[in-house]
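Colleague: Hey, could you walk me through this one? I'd like to hear about the contacts and the packing.

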2 protein chains.
Amino acid sequence: MNYMLKDENAIYYECGYSCDNALYLRLGSEAFFMTDSRYTLDAKENVKGAEVIINGDLYGEMLKLLKSHKVKKVVFDPKEWTVDGFGKVSEKSKVVFKAVLDFSHKKRIVKSDEELIILAKAAKLGAKAFKNFAKAINKKGFGEDEYSLTHMAKGILGDYGKFELSFDPIVAINKNAARPHALPTETKLEKGDLLLVDAGLKYKRYCSDRTRTVHAEKGFVFETAQSFSKKKIQKAYDTVLKAHDNAINKARSGMKAKKVDALTRDIVEKAGFGEYYIHSTGHGVGLDIHEMPYISTKSDTIIEDGMVYTIEPGIYIPEEFGIRIEDMVAMVDGKAKVL
Amino acid sequence: MNYMLKDENAIYYECGYSCDNALYLRLGSEAFFMTDSRYTLDAKENVKGAEVIINGDLYGEMLKLLKSHKVKKVVFDPKEWTVDGFGKVSEKSKVVFKAVLDFSHKKRIVKSDEELIILAKAAKLGAKAFKNFAKAINKKGFGEDEYSLTHMAKGILGDYGKFELSFDPIVAINKNAARPHALPTETKLEKGDLLLVDAGLKYKRYCSDRTRTVHAEKGFVFETAQSFSKKKIQKAYDTVLKAHDNAINKARSGMKAKKVDALTRDIVEKAGFGEYYIHSTGHGVGLDIHEMPYISTKSDTIIEDGMVYTIEPGIYIPEEFGIRIEDMVAMVDGKAKVL
């Protein structure tokens with residue numbers, strides 16, 4: 001099979017190296033990694049199973065390879081390529097370019113044993129970082145605003161530069177937590193506040209992802225057992241936790257992803273919070289923070305052993321509060337194992 | 001004129017707001033900003049001069065608007081659009097889609113007075129951050145590795161969460177500085193090392209960009225006057241500084257960009273370091289860290305008042321050291337003014 005890749009993680013998956021200016025071409029058993037001279041040393045040291053070609057004009061090089069190898073057909077993912085980049089490769093060429101959406105993501109949906117080990121380690125490091133973040137907040141975080149707490153989270157998650165982050169951490173207080181993708185504000189953390197933290201780090205390029213919502217009193221920890229002083233918050237919290245646990249306990253290989261979604265959604269709906277659960281149950285995690293399988297109401301994807309995804313139900317009541325509890329699971333021996 | 005935009009900064013430039021999932025359509029005097037429900041509140045508060053439309057299917061919405069307004073022709077930048085996204089808008093449509101490379105960047109090449117004020121402020125904040133970074137290194141940076149120094153730089157540049165960064169700072173010691181886009185390593189900073197720092201922050205979404213290379217002895221500062229103990233390094237450093245100053249002193253509105261490039265390159269070549277000057281003299285800076293004008297050996301762009309770009313000659317001797325000195329300049333009254 002022939003395929004050409006542009007996405008950094010798609011390329012990394014094939015040959016163990018990538019950078020922000022690279023193309024990859026697989027032609028049957030042959031493979032080519034193209035980059036510019038800034039990355040010559042790194043590419044030659046790290047690329048496995050592909051010939052490294054240095055050329056400032058990556059698209060021109062791709063075109064040349066397709067011609068010189070008399071390629072008839074090549075697969076590409078139209079989400080990975082810009083109209084401009086694809087045009088440079090395709091306009092002057094007689095090759096048949098076959099568009100396959102999510103080509104690389106589909107290849108990566110079931111993780112290898114090696115990937116599962118790396119993802120488990122990423123999740124462990126993420127969980128440890130949450131512990132350390134709770135300690136840091138208890139020590140010096142009360143009275144600080146969301147900007148400052150976010151910076152604190154970044155330092156701790158990344159172990160001060162050792163790890164990249166999966167995404168910019170979300171640190172949201174009280175009603176700010178009602179926006180699932182909250183940006184930081186100048187709201188300061190006071191004792192007794194609701195605090196939502198959604199954060200992850202990358203270990204060997206693989207992402208972790210975790211959310212905890214807590215009643216931030218002196219000595220709090222990011223565990224799932226929480227008691228809030230407001231009844232309405234506690235009811236919503238208990239509902240989210242029940243939904244989260246239900247999916248983890250009952251998800252099985254062989255189920256459709258939408259069935260897993262229903263394992264959280266039914267519980268939230270029965271508790272009367274259905275309209276406030278405004279997103280899917282979860283998403284796959286790997287080299288990308290969002291990848292397949294998507295655990296949504298519409299997904300017919302069959303869950304299989306080796307898939308890794310998040311379970312993250314939430315309830316968001318505008319201008320009041322938001323709650324989300326998220327863990328990563330791997331399907332092992334037919335069941336969901338929390339990483 | 002009709003045009004459609006996908007790029008976040010291109011959209012921000014038009015209407016003063018953007019987010020990571022948005023499209024923008026300008027039809028003569030009418031304009032439309034499309035995003036999903038996560039951004040409803042923010043968009044309605046901040047978008048100026050365009051109707052806000054909330055729709056989870058952005059491409060479908062764009063298609064609908066093009067149809068309902070009976071649009072005949074619309075400009076787009078093929079670098080901004082993926083084959084997939086563009087296909088969704090164009091495949092079912094009879095509109096003529098006119099590809100204009102760098103459409104938004106071309107509009108933005110000459111900065112308004114308001115933009116110049118913001119960019120000057122960004123540069124001032126960037127320079128101040130370099131001062132603070134030098135203080136921090138003198139206090140607790142010696143003995144730390146590049147990872148840790150990079151994290152320190154991020155905190156200081158971003159004022160611990162207040163500002164976003166223009167890009168991940170480069171902090172490179174001795175031979176690591178010979179890679180223009182160096183990634184951090186475990187190399188520790190010792191007194192007397194060569195230290196290269198390339199970093200910038202965003203103020204009101206506009207980028208700053210600055211590089212200094214210093215002889216990191218106790219009490220060092222990120223000024224351009226530096227004395228190194230090795231003769232070869234000093235010779236290279238003096239050459240880079242001379243090239244940098246020459247371009248700043250002699251760049252004029254009306255010149256071609258390649259002439260400005262020659263103002264640095266000629267000096268480096270005459271000093272015998274030509275083969276080690278492996279990149280262009282500079283690039284425009286604005287909402288994007290790299291935009292027009294590009295100051296390269298091949299650029300015929302005419303430099304005009306109101307353009308803002310970097311002057312950043314460098315000499316990179318593999319396995320030995322790298323030197324780069326970078327400032328942002330704005331063309332004012334025909335001359336380059338350092339921001």
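This is a predicted model: local features need pLDDT of at least 70, side-chain atom pairs count only at pLDDT 80 or more; totals for chains, interfaces and linings use all residues.

Colleague: OK. How many salt bridges does the rule find across the interface of chain B and chain A?

Modeller: Two. R179(B) and D42(A) meet through their side chains in a salt bridge, at 2.4 Å from N to O.

Colleague: And how many residue pairs are in polar contact there?

Modeller: Eight, with both residues at pLDDT 80 or more. A polar contact is a pair of N or O atoms within 3.5 Å; within protein, one must be able to donate a hydrogen and the other to accept it, and residues adjacent in sequence count only if both atoms are side-chain atoms.

Colleague: Which elements of chain B give two or more residues to the side that touches chain A?

Modeller: Those are α2 (40-46), α4 (83-90) and α7 of chain B. α7(B) gives the most, with four residues. Helices (H or I, at least four residues) and strands (E, at least two) are DSSP runs, numbered from the N terminus.

Colleague: How much area is buried between chain B and chain A?

Modeller: About 2000 Å², and carbon and sulfur atoms give 61% of that. Buried area is the accessible area (1.4 Å probe) that two parts lose on being put together, summed over both. V83(B), H151(B) and R179(B) supply 29% of what chain B buries against chain A, more than any other three residues. By contact (heavy atoms within 4.5 Å), 20 residues of chain B meet 23 residues of chain A.

Colleague: What rotation puts chain B on chain A?

Modeller: One of 179°, with 0.1 Å of shift along its axis, at an RMSD of 0.1 Å. That is the relation of a two-fold axis. The C-alpha of T82(B) is the nearest to the axis in chain B, at 1.9 Å. The superposition is by least squares on the C-alpha atoms of residues with pLDDT of at least 70 in both copies. And the copies meet through the same surface, because 100% of the interface residues of chain B are also interface residues in chain A.

Colleague: New topic: which residues touch the most other members of the largest nonpolar core?

Modeller: F133(B), I137(B), L189(B), L195(B), F220(B), F222(B) and V308(B), out of 41 residues. α6(B) brings the largest share of this core, twelve residues. A nonpolar core is a set of buried Ala, Val, Leu, Ile, Met, Phe, Trp, Tyr and Cys residues joined through side-chain atoms within 4.5 Å. Buried means under 20% relative accessible area, exposed over 50%, and partly exposed in between (1.4 Å probe, protein chains only).

Colleague: What does V308(B) touch?

Modeller: Leaving out residues up to four places away in sequence, its contacts include L116(B), V285(B), M328(B) and L339(B). There's also a second, separate core of 40 residues, with L116(A), I173(A), M328(A) and A330(A) among them.

Colleague: Back to charges. Are R210(B) and D327(B) buried or exposed?

Modeller: Both are buried. Their side chains meet in a salt bridge, 3.5 Å from N to O. The pair links strand β11 of chain B, which holds R210(B), with strand β17 of chain B, which holds D327(B), 117 residues apart.

Colleague: What does E8(B) form a salt bridge with?

Modeller: With R205(B), the closest N and O atoms being 3.5 Å apart. E8(B) is in helix α1 (residues 8-15) of chain B and R205(B) in the loop between β9 (202-203) and β10, so the pair ties together parts 197 residues apart in sequence. E8(B) is partly exposed at 31% relative accessible area, and R205(B) is partly exposed at 26%.

Colleague: Last one: which residues are linked with D288(A) in a network of salt bridges?

Modeller: R108(A), K111(A) and E291(A). D288(A) sits in the loop between β13 (282-284) and β14 (291-295) of chain A, and counts as buried at 17% relative accessibility.

Notes. Residues are numbered from 1 along each chain as its sequence is written. Chains are lettered from A and ligands numbered from 1 in the order in which they are written. Side-chain values use heavy atoms; hydrogens and water are left out. A salt bridge is a side-chain nitrogen of Lys or Arg within 4 Å of a carboxyl oxygen of Asp or Glu.
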